[in-house]
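Here are my notes on the model, as numbered points. Please read them with the structure open.

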Amino acid sequence: MSAPALTRPEIRPAGLIRASFTIMRRNLIHIRRMPEMLMDVTIQPVMFVLLFAYVFGASISAQSPSGYREWLLPGIMGQTIAFASFIVAVGLTADIDKGVVDRMRSLPIHPASVLVGRSMSSMLHSSIGIVVMSITGLFIGWRIRGSFFDAALGYALVLLWGFAMIWVGIWVGSAMRSVEAVNGVMFTTMFPITFLANTFAPTEPMPNWLRTIAEWNPISSLVQGMRELWGNTPPAPDSAAWPLQHPVLSTVIWTVGITAVVAPMALRSFRRRTQD
């Protein structure tokens, strides 16, 4: 007589939102227990602001009537939010390597909650850096000179860009097989992207070929958009590329385009990696 076949009991997944908030809370508890994880959004941005404002600021000429310090701060914010991808990639790869993701996926939860929870905690993590830099900027003379609506739109723009960067981080974190590989890939790509832009210096003095690359860099339109919305710089000159002529629209297009392309690739990579 043959033994009865074993069947796996039906698992009803919990709500996506509830499970995502639980995983987000788990990631935030890690930060509370290891405060050094906040150094990249607290100490590092403050160091960049002070370093460029007081050490390099005197020798860098910026096209802003309100001074280099006001012109600088949106650039620092753009760079910091771009590194949200770095944070997500490292954290996701570490969780996969340690088997944390496998244990989560064995629970009766929605499979997507792992990525959603990670994304939510990363956005909160990056938002802390934006708040810290805003406070630091007030101390060095930075001010928002636009309307309340423009100010809110500027912050919404940088967080929207952070959302796209999170999907880039999920893709890299799922595709790479170790934290060391993630560090190597993200360092060699994100640093040139954030520096080859109008982040710390205007693009006008650059050679024509380099200026074209810098002005079509999505970081440049993001930073230009924040500067204009906050009243920290006049509109880009007529000689600037289209993205700097329409920085807010350009940033939205870049964000939607990057998310539409990278998100499906990230989901496929994550599914393939966790099913190996």
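1. Contact here means heavy atoms within 4.5 Å. This is a predicted model: local features need pLDDT of at least 70, side-chain atom pairs count only at pLDDT 80 or more, and totals for chains, interfaces and linings use all residues. Residues are numbered from 1 along each chain as its sequence is written, and side-chain values use heavy atoms, with hydrogens and water left out.

2. Overall make-up. The chain has twelve helices and zero strands. Helices (H or I, at least four residues) and strands (E, at least two) are DSSP runs, numbered from the N terminus. The chain has 276 residues, and 47% of them count as buried. Buried means under 20% relative accessible area, exposed over 50%, and partly exposed in between (1.4 Å probe, protein chains only). Take the contacts with a separation of 6 or more: 79% of them join residues 24 or more positions apart.

3. The core. A nonpolar core is a set of buried Ala, Val, Leu, Ile, Met, Phe, Trp, Tyr and Cys residues joined through side-chain atoms within 4.5 Å. The largest one has 58 residues, and Met-77, Trp-161 and Ile-170 have the most contacts inside it. Helix 7 (residues 148–175) gives the most to this core, with eleven residues. What does Met-77 touch, not counting residues up to four places away in sequence? Its partners are Ile-130, Met-133, Ser-134, Trp-142, Tyr-155, Val-158, Met-226 and Trp-230.

4. The second largest pocket. On a 1 Å grid over the protein atoms alone, a pocket is an open set of points with protein on both sides within 12 Å along at least five of seven lines; a cavity is a set of points where a 1.4 Å probe fits but cannot get out; lining residues have an atom within 4 Å of a point. Grid points are joined across faces, edges and corners, and a volume is the space filled by probe spheres set on the points. The second largest pocket has a volume of about 300 Å³. It has 16 lining residues, and Met-165, Val-168, Met-190, Ile-193 and Ile-258 are the closest to its centre. Helix 7, helix 8 (179–195), helix 10 (218–229) and helix 12 (247–274) each supply at least two residues of this lining. The lining has 15 nonpolar residues, one polar and no charged. Ala, Val, Leu, Ile, Met, Phe, Trp, Tyr, Cys and Pro count as nonpolar, Asp, Glu, Lys and Arg as charged, and the others, Gly among them, as polar.

5. The cavity. How many cavities of 30 Å³ or more are there? The count is one. About 50 Å³ of space lies in the largest cavity. Its lining is Ile-23, Arg-26, Asn-27, Leu-92, Asp-95, Val-101, Met-104, Val-114 and Arg-118. That divides into five nonpolar, one polar and three charged residues. Helix 1 (16–33), helix 4 (84–97), helix 5 (100–105) and helix 6 each supply at least two. Helix 1 gives the most, with three.

6. Helix 4. This helix has 14 residues and reaches 20 Å from its first C-alpha to its last, close to the 20 Å expected at 1.5 Å a residue. The expected span is 1.5 Å times one less than the number of residues. Eleven of the 14 residues are buried, including Phe-86, Leu-92 and Asp-95. Gly-99 follows helix 4 and has a positive phi, near 80°.

7. Helix 6. The 28 residues of helix 6 (residues 113–140) should span 40 Å, and its end C-alpha atoms are 41 Å apart, which agrees. Just after the helix, Gly-141 takes a positive phi of about 110°. Val-116 is found in helix 6. This residue is partly exposed, with a relative accessible area of 29%. Val-116 touches Leu-16 and Ser-20, not counting residues up to four places away in sequence.

8. Asn-217. Buried or exposed? Asn-217 counts as buried, at 8% relative accessibility. Its place is the loop between helix 9 (208–216) and helix 10. Asn-217 touches Ile-193, Leu-196 and Ala-197, not counting residues up to four places away in sequence. The C-alpha atoms of Asn-217 and Ile-193 are separated by 7.4 Å.
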